[in-house]
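Let's take a guided walk through this fold, going from the overall layout down to single residues. Keep the viewer open as you read.

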Amino acid sequence: MKAKNSIIPVFVPHLGCPNDCVFCNQRRISGHMLPAGAETVRNAIENAAALTPPGTKRQLAFYGGSFTAIPDGQQLELFEAARPYLEDGTISSIRLSTRPDAIDGAVLARLKKYGVTTVELGAQSMCDKVLELSGRGHTASDVENASRLIKAAGFELILQMMTGLPGDTDEGSIETARRIIALRPDGVRIYPTVIVRDTALYDLWKAGNYAEHTVDDAVRVCAKLTAMFDEAHIPIIRMGLNPTEDLSGGDAAGGAYHPALGELVRSRMMLDKARQLLEGTPHGSSVILGVNSSDVSKMTGQHRCNINTLKTELRLRSVKIREADVKSGEIAILSLD
Ligand code: SF4
């Protein structure tokens, strides 16, 4: 039987990050206010080992912050805390996230020495103007250079991108996705911009200098990006910020915060596909669409919104959804009269 995989997250919030990206308040986003130290690492690993069956492949994940930009002493403290567990097989590898301009040959050599196998880079945009307006402090070519170094050194590469940043457009996000695909990452995360309290973006928004990227905006553009990554066979390992009590409790003051954003995007893709399929259908028709059993709720949409949109836009008498023997993501017309 195949060993189960489990991720042991340790958040390294804003620890030593030299930047101040307009959208970032890492402590609020990760929901963890205290910086992580050796004790945090040991507790996280031991708790996970107690809760998962022997034989589980456990990966320690340093998320949040910019791991390779924190002071060397703190990186070593966290790595050294993990080392005995790597040596005795309690964990099998480490992944971490960092900034594109905090990667070079020496950094990668150290990551390799301490058992890191996956590096996640916050690219956020491949448009230099958007990066500048967002206070990222790096350029698109930094993302390209770091990605090449990471891949050449044999690490798994995950790239993170955002939509709806200051100065960005749907076309800009599509161009970002195109350039990310060209770098052939092993996976991507897409984070539509959320306006978090106590950030520069919140102030810009309140002053009327930033137009909110709504859930609807995010769903529209992410449906296009998802189609591009699907076609390139690059897995999307996360869409939208992980919900936390703080964000849901009011720290997410605006923007594209939705606990099931990925589901909304897949649902929008089904709607777009059905629109194309039914184009030109005579007004007043009754239609029965067949989808894979895993797609019935996506095709129906939240509160039947896809069915209502199809009926209204195409002036149909009725639209019904049925399970059918078709591949996931496909739609068949089972009846039309
Ligand atoms: S680089 Fe990362 S941790 Fe630092 S401010 Fe920007 S988003 Fe936050």
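First, some housekeeping. This is a predicted model, in which local features need pLDDT of at least 70 and side-chain atom pairs count only at pLDDT 80 or more, while totals for chains, interfaces and linings use all residues. Residues are numbered from 1 along each chain as its sequence is written.

The chain has 13 helices and twelve strands; here helices (H or I, at least four residues) and strands (E, at least two) are DSSP runs, numbered from the N terminus. Its radius of gyration is 22 Å, close to the 20 Å that the globule rule gives for 337 residues, so the chain is as compact as a globular protein of that length. That radius is taken over C-alpha atoms, and the globule rule is 2.2 Å times the number of residues to the power 0.38. Along the principal axes, the C-alpha trace spans about 70 × 55 × 40 Å.

How much of the chain is buried? Of the 337 residues, 44% count as buried. A residue is buried if 20 or more other C-beta atoms lie within 10 Å of its own, exposed if 12 or fewer, and partly exposed in between, with C-beta atoms placed from the backbone. As for contacts (two residues whose C-beta atoms, placed from the backbone, lie within 7 Å), residues 24 or more positions apart account for 78% of those in the chain with a separation of 6 or more.

The domain assignment gives domain 1 (5–259) and domain 2 (278–336); such bounds come from an automatic or database domain assignment. The centres of the two domains, taken over C-alpha atoms, are separated by 37 Å.

Zoom in on I45: leaving aside neighbours within four places in sequence, I45 is in contact with I8, L60, A82, Y85, T90 and I91.

L159 leads us to the strands. Six of the eight residues of strand β5 (residues 156–163) are buried. Strand β4 (residues 116–124) runs parallel to β5 and is joined to it by six bridges, with L121 having L159 as its bridge partner in β5. Strand β6 (residues 187–192) also pairs with β5 in the parallel sense, over six bridges, and there M162 stands opposite Y191. Strands count as paired if DSSP finds at least two bridges between them.

Next, look at L108, which lies in helix α4 (residues 105–113). L108 is buried, with 20 other C-beta atoms within 10 Å. Beyond four places in sequence, L108 is in contact with I103, L149, I150 and A153. I103 turns up again as a contact of T68, which also touches T98, A102 and V107, not counting residues up to four places away in sequence. T68 lies in the loop between β2 (57–63) and α3 (72–87).

Finally, move to helix α13 (residues 305–314), whose buried residues are N306, I307 and L310. They cover an arc of only 105° around the axis, which puts them on the same side of α13; the arc is that of the directions from the helix axis to the C-beta atoms. Their cover includes α11 (261–277), α12 (296–300) and β11 (318–323).

Two loop residues deserve a look here. Most residues other than glycine have a negative phi. H303, in the loop between α12 and α13, has a positive phi of about 50° although it is not a glycine. With 8 C-beta neighbours inside 10 Å, H303 counts as exposed. Just after α13, R315 takes a positive phi of about 50°. R315 sits in the loop between α13 and β11 and is exposed, with 12 other C-beta atoms within 10 Å.
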